[in-house]
Amino acid sequence: MRSWQVSEPKPIEQDPLLLKKVPKPEPGEGELMLDVHYCGICRTDLHIVEGDIAADYPVVPGHQVVGTVSRCGPETDRDLLGELRGAYWLHSACGECSYCLRDEENLCTDPQFTGLDVPGGFAQRMVVRTDYSVPISASISPAHAAPLLCAGIIGYRSLRLSEIQPGERLALFGFGSCAHIVIQVAHHWDCEVVVYTRSENHQRLAREMGAVWVGEAGDEPQLRADSAITFAPAGPVVVEALRAVRPGGTVAVNAISMSDIPQFPYRLMYHERTLRSVAHVTRRDAREFMQLAAEIPVETQVQVFDFEKLPAALQRLKDSEIDGSAVLKVECGHLD
Ligand SMILES: [Zn+2]
Ligand SMILES: [Zn+2]
């Protein structure tokens with residue numbers, strides 16, 4: 001089968017990705033082999049390819065994978081053969097540490113990530129765990145399901161951690177691909193959504209998607225929110241979000257890294273406001289969100305690239321030339 005690999009990370013302009021012919025992977029106990037149909041292309045993949053995220057190279061990136069189960073490992077549920085399943089960022093967790101035992105496997109001390117620690121979906125086939133992969137409903141097209149497996153699941157976890165309740169008002173700081181999905185779930189829960197973003201394009205899109213108020217971070221909040229989620233990796237935004245929530249409200253920070261949060265007066269946090277970060281996802285997040293996304297149904301805008309065009313797609317992602325989410329189309333059969 002064919003697989004994209006990075007042996008030596010370097011800027012995408014210098015062709016770090018090589019298309020290789022490799023043997024098919026063998027599913028072990030509790031594992032499944034997927035014939036990959038689509039794999040979303042994420043900024044994290046670009047970071048792995050360019051070496052901004054440390055990895056044990058060679059690596060096959062890609063962590064938003066939709067494929068059909070074509071083989072089951074030994075002692076594995078054979079009823080899953082032929083099922084459409086998805087793989088996401090968390091490939092597996094140790095199952096033994098204190099976090100895993102509390103069903104907080106997103107905080108596991110020895111996790112494995114798809115497309116970083118184990119080969120990902122920029123390949124014709126890949127191996128997933130039965131207990132960490134999720135069924136994909138036939139009511140979502142596989143190409144549109146792919147971006148739900150990264151931005152969607154983490155967005156859903158952010159919503160959960162923001163403690164927003166049906167009918168309440170949610171503030172979103174930043175309006176990229178994750179927020180586009182979050183606003184659809186919030187509306188499904190009859191929540192009002194206010195959006196703070198500097199980009200005029202994103203402001204227009206937020207209005208089109210039904211935000212009741214749109215402005216910039218730093219604008220005086222017109223409508224006090226019950227909860228807020230920040231997506232921008234800029235520390236000052238966290239302070240703006242605290243300013244925008246009511247007493248007792250929660251601010252969930254969805255960022256892997258960010259600039260320093262400036263000093264702020266305690267009164268912004270007083271009256272039992274909660275400030276918390278969001279780190280990775282759990283199996284429960286993946287399962288619940290993919291079910292909910294099919295029910296709503298959540299809509300995503302995708303730009304599909306042929307398998308051979310992965311380097312070009314990553315270059316366009318780097319140059320911010322992608323509308324919606326980039327998705328790689330992978331065909332199994334004739335390329336063997
Ligand atoms: Zn991602
Ligand atoms: Zn663990």
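**View 1. The zinc ion (ligand 2) sits in a tetrahedral arrangement of donors.** The angles between its 4 donor atoms run from 104 to 116°, which makes the arrangement tetrahedral (four donors count as tetrahedral if all angles lie between 85 and 135 degrees). The donors are Cys94 (SG), Cys97 (SG), Cys100 (SG) and Cys108 (SG), at 2.3 to 2.4 Å; a donor here is an N, O or S atom within 2.8 Å of the metal (3.2 Å for Na, K and Ca), and since water is not among the atoms, sites may look incomplete. Along the sequence, these donor residues follow the spacing C-x2-C-x2-C-x7-C. Cys100 and Cys108 are both buried (buried means under 20% relative accessible area, exposed over 50%, partly exposed in between, with a 1.4 Å probe and protein chains only).

A word on what you're looking at: this is a predicted model, where local features need pLDDT of at least 70 and side-chain atom pairs count only at pLDDT 80 or more, while totals for chains, interfaces and linings use all residues. Residues are numbered from 1 along each chain as its sequence is written, chains are lettered from A and ligands numbered from 1 in the order in which they are written, and side-chain values use heavy atoms, with hydrogens and water left out.

**View 2. The zinc ion (ligand 1) is held by Cys42 (SG), His63 (NE2) and Cys150 (SG).** These donors lie at 2.0 to 2.3 Å, and their spacing along the chain reads C-x20-H-x86-C. (Helices, H or I of at least four residues, and strands, E of at least two, are DSSP runs numbered from the N terminus.) His63 has a relative accessible area of 1%, so it counts as buried.

**View 3. Here's an open sheet of 6 strands with parallel pairing.** Reading across, the order is β12-β11-β10-β13-β14-β15; two strands pair if DSSP finds at least two bridges between them. At the edges stand β12 (213–215) and β15 (274–277), each with a single partner strand, so one side of each has no neighbour in the sheet. On average, neighbouring strands are turned by 15° against each other, direction ignored. Strands β10 (residues 169–173) and β11 (residues 192–196) pair over 5 bridges in the parallel sense, and Phe173 stands opposite Tyr196 in β11. Helix α7 (residues 235–244) packs on the sheet, touching β10, β11, β13, β14 and β15, with its direction at about 150° to that of β14. Contact means heavy atoms within 4.5 Å, and axes are lines fitted to C-alpha atoms (for helices over the stretch in contact), with angles from 0 to 180 degrees between N-to-C directions.

**View 4. Leu310 lies in helix α9 (residues 310–318).** With 0% relative accessibility, Leu310 counts as buried. Setting aside neighbours within four places in sequence, Leu310 is in contact with Trp4, Leu17, Ile41, Phe122 and Leu328.

**View 5. Tyr266 and Tyr270 make a tilted aromatic pair.** Their ring centres are 5.6 Å apart, with 45° between the planes. Rings of Phe, Tyr and Trp (its six-membered ring) pair if their centres lie within 6.5 Å; planes under 30 degrees apart count as stacked, over 60 as edge-to-face and the rest as tilted. Tyr266 is exposed at 59% relative accessible area, whereas Tyr270 is partly exposed at 45%.

Methods: Four donors count as tetrahedral if all angles lie between 85 and 135 degrees; four count as square planar and six as octahedral if opposite donors are over 155 degrees apart and all others between 65 and 115; anything else is irregular.
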